[in-house]
Structure formats: C-alpha cells, structure tokens
Amino acid sequence: MQSAIELQGLKKSFRLVHGQAGSIKALLLSFKRRKPEELMALKGVDLSIAKGETLAVIGRNGSGKSTMLGIVGRIYKPTSGKVIVHGRVSALLELGAGFHPELTGIENIYLNGAILGIKTRDMKSKVDEIVRFAELEKFIDTPIKGYSKGMVMRLGFAIAVQVDPDILLVDEVLAVGDEAFQAKCYEKISEFQRLGKTIVFVSHDLPAVRRVASRVVWLDKGVIRMDGPTGQVVDAYMAGVAADEQH
Amino acid sequence: MFSELAELFKYRDLLIQLVARDLKVRYKNSVLGFFWSLINPLVQVATITIVFKYVMPIGIPNYSAYLLVAYLPWMFFQMSLLDASQSVLSHYDLLKKVYFPREVLPLSMVIANMIHFLLAIVVFFVYLLVIGAPIVSTWWLLPVLVIIEFLLVTGLAFIVSALNVFYADIKYIVSVLLNIFFYLTPIIYMSEMVYTRLQAMGYGALYTLYQLSPLNAIVMAFREALLPPYGVPPGKTMPFAFHDMPLDYRFLAIAAAVSIIVFIAGYSFFNSRKWSFAEQL
C-alpha cells in the first residue's frame, strides 16, 4: 500500500526562552548566560500513514501531538529526521484563524481561501456552496465582528473543507457548533473517507476518535507509546490515564 | 532564493487578497475613507509650506511643489516600514496554524502603501496642472524611481519585520530612526543647500557621501525628474546663495544597485528566519 505520509526518526526541539523574551536586553544578557534550555517535543518518531487511512493521534497535553501535526503541515521545520508527504496537505487547525473582524463574510471567504492556497478564480465557484454549508445566507454581507462564535467556526469549517486536499490535518475542531452542524461535519469527514483521502487528526475527544479513526497512535512525551487499531489503543490509553491518576 | 520566489508566485492570490484587505480595512469606518491617505500628506505639506514661506523663508517659488514631490516618496518609505515592522507579529495566530510563504505579510504592507503613493502621485500631477507648472520631459523616470524605491523599502521591510518577531524593541528603533532620517533626507530643504554649506566649510567631499545614501539619491531624483529647476530670487532670504543642480545619473545608478543589494540581502535574511517565527513562543 502506498503511503501518504512518512515520518522517519522525527525529532523536534524548541528553545525555551526565560524571563525577558523578545527584547534587545535579553539579547545582550544572553551573551553572558549559558545556552537556552531546549525542550524536546518529539524524540524520534517513525510513522507511516497509508493513503486513505484515517489516523487519530491521542495523548496527554504536551505529548507532542500538535507539534507532529505542525511539522506535517509545514508550520515547523523538524530539528532532525525526515518528513515525506505525497499529495496536497490542508490543515483544519483552529477554524477562522485568518478572519478579519472588519471584513464581511464574503470578503473573509476569499481571504481565508487564499491563505489556504486556493486561487481566487477557483474560489468564485465555491462561494455559494460555502455559504450554504455554513448556513449563513442572511449574514454573509455583514462584517464578521457581529457573528457569534458558532457562526465564525461554521464559516471556517465550510471554507477549510473546500480546499479539496489529498491529506486533511484536523486539530481539535470536530466539536464545533450545535448537534446539527456537528452531524454535517461528521458527514463531511466520512465523505472525505469515501473519496479515499487521508485524514490525520488530533483530539482529546475519545468518542469522536472511536467514531472516525481506523487507526490510533498514542503519543507520550514525544515518543509513540502505542500504535494500532482504534479500540485497542483507546482502551489502553484510558487505562493508562486512570493508572496515572491513582499515583 | 529563486525557489522561494517561485513559491511566492504560487501564492500571488494571497498577496492580492492581503493588499485588498489592507486597503479596505484601513479606512473602513471613516466617512472620508481613502481621502485620509491624501489629506494626511497635504496637511503636513501645507503646514511645512507656511513655516518655510513666512516664518523661515526659503525663497523658492512654488516651494510647496518641491516639498510635496519629496514628501510623497518619503511617506511611502516611512509608512511601509512602520506597517511592515508589525506585519509578522500581528499575524502570529495565523503563523502558528497555517503554512503560507511568510514574506507575503511585509510585502503586502509595502504594496498597499505603494498603491497609496501612486494615487498621491496622480493627485500631485493634477496639482501641477492646476498651478500651471510645466510637466518636464524626464517624467518618464517616474516608474524607474518607484521600482528602485520599492526594492529598497521591501528589503528593509523584510529585515525589520523579521527582527521585530525576536526583539520587540525594533519597532521603537525604527520609529526613532525614521524621525532622524526625515531631517537627514533633503525633504523640507534642498540638497543643494547641503552642498553649498559643505563647500563653504571645506568639506565638499562629504557631499559625495551624502549622495551615496540611496534614500537621498532617490528623493533628489524624484525632485529633479518631476519638476523643473527651481529659481531662487537673488539675495532674497537665505543667508547664502544656492542654485539647482541637475539630476546626477551616476548616483541614481548607484542607488539602484544598492537597492537591489538591500532587497536580496533583506529577503535572504527573512528567509533564514521565517521558519523560526512560529517557534518564538
């Protein structure tokens, strides 16, 4: 089976800046001090994700889940190791990050589409579908500063799924909007699955993981602790978390 | 650098959208809207003109035209750098979530300011027609000058926007330097006055150094290329006599070369830093 994403010996460290970060004073002081502390977020991850697979990444806060997704999504460069990606990647990371409150819904659709790499020309044919999916027909010509949080997220999701990627990265966004909209989101996810797209998603929402993923990777302090079929890994993870809490 | 430029070209629609956003948002809730970007320089120029006509008379007929022709490129320079210095930092949320070529952020600020500048230049030509000033034959240099200044400004914008992510002091340093350079650059006064004074003090050679600054050379070229030589009524007001000197193409060529170097160096610097922006917690 052909792989969509290959991670080989992936390591990522972040520099921890203490105290007066981001000033000239810090720069001058740093000449005298020892090297800044390094935080290893990923300590050597090997992972192969097949085309068409839906993989969930679970783990406690600080386990490196989001860092891993960020590297696949080209937000971070790995410190060492290799990332091989076959196909067009789109990130569904925290919806509406690129929205501007003063612009109308329509204006934000074009802007956000461009941020996600969609040509304005291609966007024109998608606008109606986006507005319909987000259920915002009445408000689309008003500035989004007047939108509710749910409306903003719906618009963000509606745009992101229009990118038509080969690989979709999802970071904690399936819990968007009301029940009806969530149902639409899950419908869209299964449509992606039917179309043979690869989905990698990060979530703390274990029921959602059980529902959507076919394979789960459990990350723990920057290394893969377990990798396997959804039921097994989620059960082991829950047992592990319960055991940790007893200590 | 060429692969970076190719990637940037792929994201040209994003650049256009960001420029459009900036133009739309800047004056969104104001009644006069876009006219504010004209009113600001015009009020500045009117104020300076009153001072240099009546309080400290400089003795140049149509002084306001000679001031405006230098003030508009200066505005472009200043506003671009101030906007660009904040551009990466103010999109921090986005940088941590989505991949796109980071250079679109400062670049869109420079382009938005350049559009304001070009529209102001159009108004400037209308103003020349109204006061009945002749349009000089070297006006065709205008696009060349705009391109040279664009390269210089963009190169500097790359540097300040990248540095500002790591050192919050940069935006203050930029604004202090801009205040100093407003007076070091021949905007409210004529470069020939500097020449005349340096000659009289026996430091004539320093004027070469003065012209080597690309910003000085560009501002001087705007003035010489778009307006006829100014006439100074003899012995009228200033304590020393000075006269218009023609555009020195050698220094314009040097300014062009320096601007290209600044652009390449600035872009390379930005590229070397841009993937650590999102990691700067």
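Q: What should I know about the numbering and the model before starting?
A: Residues count from 1 along each chain as its sequence is written, while chains are lettered from A and ligands numbered from 1 in the order in which they are written. The model is predicted, so local features need pLDDT of at least 70, side-chain atom pairs count only at pLDDT 80 or more, and totals for chains, interfaces and linings use all residues; side-chain values use heavy atoms, leaving out hydrogens and water.

Q: How many salt bridges cross the interface of chain A and chain B?
A: A salt bridge is a side-chain nitrogen of Lys or Arg within 4 Å of a carboxyl oxygen of Asp or Glu. The rule finds two across this interface; one of them joins B:Glu279 to A:Lys12 at 2.5 Å, N to O.

Q: Which helix should I look at in chain B, and what is its span?
A: Helices are DSSP runs (H or I, at least four residues), and strands are too (E, at least two), numbered from the N terminus. The expected span of a helix is 1.5 Å times one less than its number of residues. Helix α2 of chain B (residues 12-26) has 15 residues and should span 21 Å, which agrees with the 21 Å between its end C-alpha atoms.

Q: Which residues of α2(B) are buried, and what covers them?
A: Buried means under 20% relative accessible area, exposed over 50%, and partly exposed in between (1.4 Å probe, protein chains only). Among the buried ones are B:Leu14, B:Leu18 and B:Asp22. Their cover includes α3 and α4 of chain A together with α6 (104-131) of chain B.

Q: Where do B:Arg26 and B:Asp22 lie?
A: Both are in helix α2 of chain B, four residues apart, about one turn of the helix. B:Asp22 is buried at 12%, whereas B:Arg26 is partly exposed at 27%.

Q: What does the salt bridge of A:Glu53 and A:Arg215 tie together?
A: Their side chains meet at 3.1 Å, N to O. A:Glu53 lies in the loop between β2 (37-50) and β3 (54-58) of chain A and A:Arg215 in strand β8, so the pair ties together parts 162 residues apart in sequence.

How values were computed. Contact means heavy atoms within 4.5 Å.
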